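Hello,

Here is the structure I promised to pass on to you. Please have a look, and then read on for my notes.

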Amino acid sequence: MPNKTFFWFFLPTGLAMILFIGLPIISTGIQSFYAQHDQVVKEVKKCDPFGCTVSIVVDNEETTKIRDAKPLGKFNGFGTYTDRNHLAVDEIKKFWNETESFGAFVDQVTNLPFYKALIFTLTYCLFVTPNVLLLGFIIALSLNAVARKIRGPLIFGTILPMIVTPLVGSLVLFWMIDSQGIIGANIQNLMNDPYLSLKSSKTLTWITIIIYGIWHHSPFAFVVFYAALQTVPQEPIEAAIIDGASRFQRIKHIVLPHIYPVVTFVALISLMDNFRVFEPIIGFSAEGSAQSLSWLIYDNLVNEEVILFGSAAATSMMTIIGIAILLAPVLIRTWKEFKTAR
Amino acid sequence: MRKILVTLLFLLFGTSAYADCNIKSGSINILANDFPALRTFVETSKQCKGSADFKVTHSSEHNKIAVPALTANPSEFSARIAANSSIVPLMNQDLIRPLDDLVKKYGKGIQDSQLITIDGKVMAVAFMANTQHLYYREDVLKDMGIAVPKTYEEVVAASEKIRASGKMKYPYAAAYKAGWNLAEEFVNMFIGHGGEFFKAGSAQPNINNAKGVATLNMLKKLSELSNPDYLTHDSEAIKVEWESGNVALMTLWASRSGTLLDDEGDAKITAATKLTGPATVGGGNIPAATLWWDGFTLAKNRSDADAEATFRALAHAASNKKMVADAADQAVWLVEGFVPGPKSIGVIEAVKMGAKPYPMLPQMGLMHGALGSEIVEFLQGKESAEQALKDVEAAYISKAKEQGFL
């Protein structure tokens, strides 16, 4: 395609992307460098049905004046990024100097909210993504091998987890693992421990969410792989059969290389999706044991009654950077292949 | 203390006329929490809507919607049913309007004691009081020969005895869901220990001390006597636990007593469900509970006509003797004409015992938020009480700095 044609072809999409993705990201970025103005408070008398007290309120007149002068807030630079609820630079330095063993240092660091969330997010990505790829591929291969007559209903059944709304899916599982639910109660019986709870143990909650993640995302990988499998040429496979190649050898040497670009694509998309894990945490009411970066943003925006725009913006920016770092190896590789192909 | 009691009794038995209702125009849109008493209140105000447009959103997620919805201009809602804690963010952001003129013009039936005044201006009109108090199963306690607990130490002892007897595996329940609910339990218990959340005259946190540690230890003891899933249980979930007969002692909102004692569910459990005042803790003499009022506020970013229509409709409910007589079971109404029944025992006892109201401070929401997430690991046995309290203070300080309070 000539460059000019491409430009006109891409223009509408490009404009929409700038408007709905680019500008909001820039706005979030700017927001993350600002904090609220110092609060002007005054002492007043407050009366309610239980009596009167003298206590403080925010002085709205003064605050409005300051806000009108500088609507963005107080410039804070990287202050929000480095505070204790984010990168916690000072705290980490302090821990490094104070703790005696490396283990104790790691303990202290992983107790900080941002790192706690980062570790869960990364663990989730690292377990869910490869398993989704593997499971999706296995399902696609098996379905490709069954008789055409029953393939339709089977495919429908397989993509069901993706059709079910994430929140509903996680709620169903949430009730099943309740200590009186079908899975929870049976595990208690099996382990002979009436105090065992999948929801109160951190490790078990993580495992539950990861299993849910795999269940929910596999159909996506399956659908893409299944489509790709339809394009695998039959001749080389027949030749391989005549040469006496086993099923495993055929998959390894013919099928996989053929659908390799699709695998990269699915890996990229899954990584991006998984890094933003959020719904299962809400669905499983797992805020206590598992927090992800997306959940931190949500928490800053809604959980406090007082909305922390600066904090939420800073975490958003770091999530974007995190995804970029995670995707970099795959992207670089794709770029290199693209160059050699030319 | 005595004054509060007198005020409350005055509230309950005072007299005056109905609010009049002849609304010709305007549009009314109300945001409220979701529990039976509030539904009754809003329904009552709807009766007087006249030809005004009337909409309502009942949601347990009301706290998350309120500030953004009222910040918009014109705001989505013309009124917000708020409580001591949720009025604070609205005040901080200057999102609600003073009601003095409207009270003078249309608030005939509203009693002075219902008015929430801040710096001399009426900012809300309260219509019900609420608190968390103890519920117990009379049959179970009688069988075991246990007296009705008055302190949390007795609650622990009683629960341990019930568990030891094999009658119930998890005899105690309270809303310990990580987040707002869990933090609320901490607030109650900390106040019961006589704690102050902030150093006098500043926004510096003041919870990492012996009182804080005692609070956490008591919460932990109680959590060990609860269903192991306690970190995911909110008020609704423990209500279900209670109705399934799994629990003998519970700390729950007074406003939920109506649904516990209704005709639905096992009649034997309902008959044995009894209410008593909130428990004290650690030898303190004030209850480990906070007093709450629920009242209505009007959005600032909305036309005067809408505000007027909304006020008139809500004032109709906030001074409605018929409503408080018909729905006497649902809440402790602050509206005149209310005769407290057996379901109001919790709140009345709490007031008699000198319970404190939930602190109405601009930075309290940040403290509440920090508590809700940082004490979880202590309850799970992953860190010490001191470390958890240190974390709460550190998390609070970062947020308070960003928000300009420190």
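First, the ground rules. This is a predicted model, in which local features need pLDDT of at least 70 and side-chain atom pairs count only at pLDDT 80 or more, while totals for chains, interfaces and linings use all residues. Residues are numbered from 1 along each chain as its sequence is written, and chains are lettered from A and ligands numbered from 1 in the order in which they are written.

**Between the chains**

Strands here are DSSP runs of E with at least two residues, helices are runs of H or I with at least four, and both are numbered from the N terminus. Two strands pair if DSSP finds at least two bridges between them.

Counting contacts (C-beta atoms, placed from the backbone, within 7 Å), 48 residues of chain A meet 53 residues of chain B. On the chain B side, the elements that each supply at least two residues include α1 (2-13), β5 (121-130) and α16 (364-374). The most comes from α18(B), with 7 residues. By type, this side of chain B has 24 nonpolar, 18 polar and 11 charged residues. Nonpolar means Ala, Val, Leu, Ile, Met, Phe, Trp, Tyr, Cys and Pro, charged means Asp, Glu, Lys and Arg, and the others, Gly among them, are polar.

**Chain A**

Chain A has 15 helices and 4 strands. Its radius of gyration is 26 Å, well over the 20 Å that the globule rule gives for 342 residues, so chain A is more spread out than a compact globule. That radius is taken over C-alpha atoms, and the rule is 2.2 Å times the number of residues to the power 0.38. The C-alpha trace spans about 90 × 70 × 50 Å along its principal axes. Of the 342 residues, 30% are buried, that is, with 20 or more other C-beta atoms (placed from the backbone) within 10 Å of their own.

**Chain B**

In chain B there are 18 helices and 12 strands. For 406 residues a compact globule would have a radius of gyration near 22 Å, and the 21 Å of chain B agrees. Buried residues make up 58% of this chain.

An open sheet in chain B has 4 strands in the order β7-β8-β6-β9, with mixed pairing. At its edges are β7 (172-174) and β9 (273-275), each pairing on one side only. From one strand to the next the twist averages 30 degrees. Strand β6 (132-137) runs antiparallel to β9(B), with 3 bridges between them, and Y136(B) has K274(B) as its bridge partner. Helix α10 (235-243) of chain B lies across β7 and β8 (249-253), at about 140 degrees to β8(B). Such angles run from 0 to 180 degrees between N-to-C directions, with axes fitted to C-alpha atoms, for helices over the stretch in contact.

Between them, 15 residues of domain 1 are in contact with 14 residues of domain 2. On the domain 1 side, α4(B) has the largest share, with 3 residues.

Best wishes

Notes. Buried ≥ 20, exposed ≤ 12 C-beta atoms within 10 Å, placed from the backbone. Contact = placed C-beta atoms within 7 Å.
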